[in-house]
Amino acid sequence: VTVIDTGKTGEINDFWFSPDNKWVVYTNSEPASKNRIYLFEIATKKRTPITSDWYDSYSPMFSNDGKYLFFVSDRDFNPVYSNTEWNHAYTDMSKIYFVKLAKNTPNPFAPKNDEVKISEQKTDSAKTDKGKNDKSKDKSKPEEAKPKTPDVKIDLDGIENRIAVLPIAVSGYFGITVVDNSVYYLKRGYTDNKTSLKLFDLKEKKETDLGEIDGYEITADLKKMLVINNKNYYVIDLPKGKLDLKESTNTGDMKVWVDRKAEWKQIFNECWRQMK
């Protein structure tokens, strides 16, 4: 057992492993009541803060390729004024941010280079025919490549200066999951009555509203999504457009086995420790 960190003002319950299981990212609260994101390298047992203590930062999540770290941070100040209390109030303040873990990792929002190179076309008929014949002989199907665990490279030097932000509206965000170029997250603003699932395409630089739900989880192989809505559960393929929730998963036969005597004993002991 290795102690990674100790909560300074509250519990630490916001943590994730990197895809190669060599790093742990987590949120710890500072004495000044600001949440700060830390990286912990398991091999060296070294802790490194990657966000400053000026802003609340939380909900960190590695991208599945191990190149980026996404998180939510309250850095937008858009106050509203109360005619009753004669004071300012700050409600929605957060956006989704990300940091390039390695210095040489490209920024997905960098200007695109549209230069093309013109190459001479080969007109050698013999080579052309030879290529055709070779292709016709090889009728075997290529083997499906197995996904490899990415080797996560993190340059800690100057990591805070590599933070960028998704071009989305200021609101309340949580539940980030990154699959290739797709960033899934939940949005619920201060005045919203519903939680909506969003998809941001890093390649197309576009946000898509997938629909109103209560929550979601993505399977370990990153191919399916469990959607929770109105106390029903739906298993669907990873969505790219508006959700079409038709047939819910039957949970009528699910059972929970409870040892009432052991449960009562645990409750008694926990209450005694608190009272003591």
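This note walks through the salt bridges of the structure above.

1. A word on the basis: this is a predicted model, in which local features need pLDDT of at least 70, side-chain atom pairs count only at pLDDT 80 or more, and totals for chains, interfaces and linings use all residues. Residues are numbered from 1 along each chain as its sequence is written, and side-chain values use heavy atoms, with hydrogens and water left out.

2. How many salt bridges are there? With a salt bridge taken as a side-chain nitrogen of Lys or Arg within 4 Å of a carboxyl oxygen of Asp or Glu, the count is 9.

3. Asp-5 and Arg-47 form one of them, at 3.6 Å from N to O. Asp-5 sits in the segment before β1 (15–17) and Arg-47 in strand β4 (residues 46–49), so their pairing ties together parts 42 residues apart in sequence. Strands (E, at least two residues) and helices (H or I, at least four) are DSSP runs, numbered from the N terminus. Asp-5 is buried at 19% relative accessibility, while Arg-47 is partly exposed at 44%. Here buried means under 20% relative accessible area, exposed over 50%, and partly exposed in between (1.4 Å probe, protein chains only).

4. Lys-22 pairs with Asp-151 in a salt bridge of 3.7 Å, N to O. The two lie 129 residues apart in sequence. Lys-22 is partly exposed, at 45%, and Asp-151 is exposed, at 61%.
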